[in-house]
Amino acid sequence: MFPLRDNIPSRHRSYMMWTLLALNIAFFLAGLGLSNAQEFRLFHLYGVVPARYFDSQWAMFQGYPEGLLLPLATHMFLHSGWLHLIANMWTLWIFGDNVEDVMGPFKFLLFYLLCGLGALAVHMLTNSSSTMPVVGASGAIAGVMGAYFFLYPHAKVVTFLPILIIPFIFELPAVFYLGAWFMTQVFSGMLAPAGGGGVAWWAHIGGFVVGMLLLRFFRDDSRCYYCYRSETWKEWK
């Protein structure tokens, strides 16, 4: 399933969501001219390789530099291809504006980054010996989806589902769409081979849960006009 749009309007301009979109796209475009060897080096230096953090002797033998903090931030702004970038940015565009709506731009930025770090921590703990670099914003965006799950359970998500060659487009309650997405990550993470088979399933799971847990510290209920199952939502609908 792929989300196309939701039906929750924004009351405030989404300055930070658009800034994050622009930064991710700019980082990706800046790396388009790299050779395979240069891209490999970029991902290993500025993505997060779990074994680099858990096995210092291996990291030294492989020639990694000593700095460990920068990749924790930069990995969230690197993507492995057009499909990876578009899927992440599209999902951020659908759900991010409404979450920023109830936090404000700077609290949303901090929330986003903390979700990305929490997602990364779960991935590293479950794949501590992996030598594959983790790149992408999906862990942070999963946190945004986790917050949306609690904030707008009444929302509708227009969803695209291709079956064979037939495209199906239909509306799902957000609580069902996001719940199904989360359970898909859980089952995929449990069934995937060691290292996730190229997808950081446990980062998605961790980000979603961290987003739900952090929401209470970042939301501003005075901005929460369409949240929950309020009378204002019923009147607006």
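**Reading rings, sheet and helices in a predicted model**

Biologist: How many aromatic pairs does the count come to?

Modeller: This is a predicted model, so local features need pLDDT of at least 70 and side-chain atom pairs count only at pLDDT 80 or more, while totals for chains, interfaces and linings use all residues. Residues are numbered from 1 along each chain as its sequence is written, and side-chain values use heavy atoms, leaving out hydrogens and water. A pair of aromatic rings is described by the distance of the centres and the angle of the planes. Rings of Phe, Tyr and Trp (its six-membered ring) pair if their centres lie within 6.5 Å; planes under 30 degrees apart count as stacked, over 60 as edge-to-face and the rest as tilted. By this rule there are 13 aromatic pairs.

Biologist: What kind of aromatic pair do Trp90 and Trp93 form?

Modeller: A tilted one, with 5.1 Å from centre to centre and 55° between the planes. Trp90 and Trp93 are about one helical turn from each other because they lie 3 residues apart in helix H6. Helices (H or I, at least four residues) and strands (E, at least two) are DSSP runs, numbered from the N terminus. Buried means under 20% relative accessible area, exposed over 50%, and partly exposed in between (1.4 Å probe, protein chains only). Trp90 is partly exposed at 33%, and Trp93 is partly exposed at 36%.

Biologist: How are the planes of Phe111 and Phe218 set?

Modeller: Their planes meet at 65° with the centres 5.7 Å apart, so this pair is edge-to-face. The pair links distant parts of the chain, as Phe111 in helix H7 (residues 105–126) and Phe218 in helix H10 are 107 residues apart. Phe111 is buried at 0% relative accessibility, and Phe218 is buried at 8%.

Biologist: Which residues do ring pairs link into a cluster?

Modeller: The cluster holds Phe149, Phe150, Trp181, Phe182 and Phe208.

Biologist: In what order do the strands of the sheet run?

Modeller: Strands of a sheet pair through backbone hydrogen bonds, either parallel or antiparallel. Two strands count as paired if DSSP finds at least two bridges between them. Here 3 strands form an open sheet in the order E1-E2-E3, with antiparallel pairing. Strand E1 (2–6) and strand E3 (166–173) are the edges, each pairing on one side only. From one strand to the next the twist averages 25°. Axes are lines fitted to C-alpha atoms, for helices over the stretch in contact, and angles run from 0 to 180 degrees between N-to-C directions. Strand E2 (residues 156–163) is joined to E3 by 8 bridges; Val157 has Leu172 in E3 as its bridge partner.

Biologist: Which strands does helix H6 touch?

Modeller: Contact means heavy atoms within 4.5 Å. Helix H6 (residues 82–101) packs on the sheet against E1 and E2, its direction making about 30° with that of E1. Helix H9 (residues 174–191) also packs on the sheet, touching E1, E2 and E3, at about 115° to E3.

Biologist: What do the buried residues of H9 pack against?

Modeller: They pack against E1, H6, helix H8 (138–151), E2, E3 and helix H10 (201–218). Among the buried residues of H9 are Tyr177, Trp181 and Phe182. As for H8, 13 of its 14 residues are buried, so H8 is largely enclosed by the rest of the structure.
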